[in-house]
Amino acid sequence: MTQRQQLNKPHHSEEEQLQESNMKTIPSLSSQTQINPISQIHNFNQCNITKLKKTNLQFNTPRKPPPLRCFASKSDQNGGNIAPLVVVGSANADIYVEIDRLPKEGETISAKTGQTLAGGKGANQAVCGGKLEYPTYFLGKVGEDANGKLITEELEKGGVNLEYLDTVGSAPTGHAVVMLQSDGQNSIIIVGGANMVGWDETLSDEDLQAVKKAGIVLLQREIPDYVNLQVAKAARAASVPVILDAGGMDSPVPEKLLSFIDILSPNETELARLTNLPTGSFEQIRQAVEKCHQIGVKQVLVKLGEKGSALFTEGEEPIRQPIISAPKVLDTTGAGDTFTAAFAVALVEGKSKKECMTFAAAAASLCVQVKGAIPSMPDRKSVLDLLQAV
């Protein structure tokens, strides 16, 4: 088990015990709940940023702090440590099988190749943050098995701080079967394992303090909703912005969880499932997003695959971002995670919303050119080089 270290300040827990069974889910998005807009993000900026220029795209690399023994104060504006990206989420071993097509019901087909790679939406996003040279912590669970060791090693290689990664003996590491077709599209089946049963019913003071010291928090839906809710509540209490990637479980998102989220980030399919509305056209997507606004989710970042992405902020015109074309698409696995994490990194660095989306689009473009999830996460230099070239 990774040894945890103490933060500089004493821990004071004021979190109430949250019961998953009491969480209210959304049959439809109709009720009204107000949340603070993410526009307050400028309070968390720790870096001096050179703005994007039309003819000279420029993203500065934040100065790396010393070894992250503790979290920096968000009020440190004088070149000290940077308030980190904290990812709370899943870690999976992705079992890849390359096939020409999906099997029909009752049919057995042969795969071209098969291999096991580190993945999971949480681990993917954490490695993306690390490779983009932003201080990143990962809070998650793995089992005492070979897959857990594989994931831990890949996270470390990605530059992620694992002070809050726990190894549990009660369940195997989560895993996913990724059926990769010849056109780069994939279908995925997830087995939750430690991601779903390795968490205590109430998070520790250490975990919650880590969240409160973050610059921004990323969540997904491959861990229990009661964990996400506790994290989101702690972040809101400390004025730390939270992005929820809607990918993962296909069950309704608890209404209370959404009330603590600053940006919801679904793809088209997830948005349709969330709102029970079609999302085949941009106008239909706009109407579905309006349902999200009605319950207080002020900003919705929709990933549109080949059609790019769009950020909807209540009361404003949406910001649309086309894809940055890749010479060849080998594997779309992890592209959405790359996009979300890169967007979060740019946002906490103080970029404008449009700059964040451009940065994220460049990172996603590089991701789809490499097979695997974590292996495809781009480094910062590659993203900057692509931005200069487009």
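What percentage of the 390 residues in the chain do buried residues make up? Buried residues account for 57% of them, where buried means under 20% relative accessible area, exposed over 50% and partly exposed in between, with a 1.4 Å probe and protein chains only as cover.

## Basis of the description

This is a predicted model, in which local features need pLDDT of at least 70 and side-chain atom pairs count only at pLDDT 80 or more, while totals for chains, interfaces and linings use all residues. Residues are numbered from 1 along each chain as its sequence is written, and side-chain values use heavy atoms, with hydrogens and water left out.

## Overall architecture

The chain has 11 helices and 13 strands, taken as DSSP runs numbered from the N terminus (helices: H or I, at least four residues; strands: E, at least two). Among contacts between residues at least 6 apart in sequence, 73% join residues at least 24 apart, a contact being heavy atoms within 4.5 Å. The accessible surface of the chain comes to about 16500 Å², of which 50% belongs to carbon and sulfur atoms; accessible areas come from the Shrake-Rupley method with a 1.4 Å probe, and for residues only the protein chains shown count as cover.

## Strand β2 and its partners

Strand β2 (residues 92-99) is largely enclosed by the rest of the structure, because six of its eight residues are buried. Strand β2 pairs with β3 (residues 113-119) in the antiparallel sense over seven bridges, two strands being paired if DSSP finds at least two bridges between them. In this pairing Asn 92 stands opposite Gly 119 of β3. With β6 (residues 174-181), by contrast, β2 runs parallel and is joined by eight bridges, and Glu 98 has Leu 180 of β6 as its bridge partner.

Helix α2 (residues 146-157) contains Leu 150, which counts as partly exposed because its relative accessibility is 23%.

Five of the five residues of β12 (residues 309-313) are buried. Ser 309, Leu 311 and Thr 313 point one way from β12, whereas Ala 310 and Phe 312 point the other way. Strand β11 (residues 299-303) pairs with β12 in the antiparallel sense over five bridges, and Lys 303 has Ser 309 as its bridge partner. These two strands form a hairpin with five residues between them, in whose turn Gly 305 has a positive phi of about 60°.

Strands β12 and β13 also run antiparallel, joined by three bridges, with Arg 320 in β13 as the bridge partner of Ala 310. Their hairpin has five residues between the strands, and Gly 315 there takes a positive phi near 85°.

## The annotated binding site

An unreviewed UniProt entry carries the annotation "binding site" for Asp 331, Thr 333, Cys 367, Val 370, Gly 372 and Ser 376. Although spread over 46 residues of sequence, these positions cluster in space, with a largest C-alpha distance of 9.3 Å. UniProt positions are given in the numbering used here, feature names are shortened, and annotations may be inferred rather than shown by experiment.

Thr 333 is found in the loop between β13 (319-321) and α9 (335-348), and counts as buried because its relative accessibility is 6%. Leaving aside neighbours within four places in sequence, Thr 333 is in contact with residues including Tyr 96, Val 178, Asn 186, Cys 367, Gly 372 and Ser 376.
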